[in-house]
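Hi,

Here's the structure I promised to pass along.

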Amino acid sequence: QVQVVESGGGLVQPGGTLRLSCAASGIKFRNFLMGWYRQAPGKQRELVAHITGNDIASYADSVKGRFTISRDNDKNTVYLQMNSVKPEDTAIYYCNAYTNYGESEYDYWGQGTQVTVSS
């Protein structure tokens with residue numbers, strides 16, 4: 001059974017830092033593209049960052065230079081280091097695991113973790 005579980009959300013002041021973690025089980029983690037998405041109230045879910053199995057990362061323009069995605073393939077875990085957070089970073093953050101083999105796609109989501117940036 002596949003499980004994707006986020007942790008580390010909470011309340012943080014503007015300019016502060018937060019580190020999210022996502023542990024995946026039941027998959028060949030190294031073969032999956034791991035991503036962080038977020039959804040703010042009244043808005044669509046958007047990609048924050050993703051990272052390939054060999055550590056190639058990409059970021060949304062809104063978080064470049066502030067957030068860092070990383071992964072530990074031995075621990076089946078992906079991280080999102082959030083620095084210099086802004087109120088507009090407030091959202092539910094979701095972890096995603098995605099891969100495809102030929103015509104088959106495998107796409108798994110966590111339940112999300114709330115991040116609130118407020119003074």
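To start with a term: a disulfide here is a pair of cysteine sulfur atoms within 2.5 Å. Bear in mind throughout that this is a predicted model.

**The disulfide**

How many disulfides does that rule give? The count comes to one. Cys22 is joined to Cys95, with 2.1 Å from S to S. The link between Cys22 and Cys95 is left-handed, at -80 degrees about the S-S bond. Cys22 sits in strand E3 and Cys95 in strand E9, so the bond ties together parts that lie 73 residues apart in sequence. Cys22 counts as buried, since its relative accessibility is 0%, and Cys95 is buried too, with 0% relative accessibility.

**The core**

The largest nonpolar core has 29 residues, and the ones touching the most other members are Met34, Trp36, Val78, Leu80, Met82 and Tyr93. Which elements give two or more residues to this core? They are strands E3 (18-25), E4 (33-39), E5 (46-51), E7 (67-72), E8 (77-82), E9 (91-101) and E11 (113-117).

**Asn73**

Next, a residue in a loop: Asn73 lies between E7 and E8. Is Asn73 buried or exposed? At 16% relative accessibility it counts as buried, because the cut-off for buried is under 20%. The side chain of Asn73 makes a polar contact of 2.8 Å with the side chain of Arg71. A polar atom of the Asn73 side chain also lies 3.2 Å from the backbone oxygen of Gly53. Not counting residues up to four places away in sequence, Asn73 touches Gly53, Phe29 and Arg30.

**Ser118**

Last stop is the segment after E11, where you'll find Ser118. Its relative accessible area is 36%, so Ser118 is partly exposed. What does Ser118 touch, if residues up to four places away in sequence are not counted? The answer is Leu11, Val12, Gln13 and Pro14.

Cheers

Conventions:
Residues numbered from 1 in each chain as written. Predicted model: local features only at pLDDT ≥ 70, side-chain atom pairs only at ≥ 80, totals over all residues. Heavy atoms only, no water. Core = buried A, V, L, I, M, F, W, Y, C linked by side-chain atoms within 4.5 Å. Buried < 20%, exposed > 50% of the residue type's maximum accessible area, 1.4 Å probe, protein only. Helix = DSSP H or I, 4+ residues; strand = E, 2+ residues; numbered from the N terminus. Polar contact = N/O pair within 3.5 Å; in protein donor to acceptor, adjacent residues only side chain to side chain. Contact = heavy atoms within 4.5 Å.
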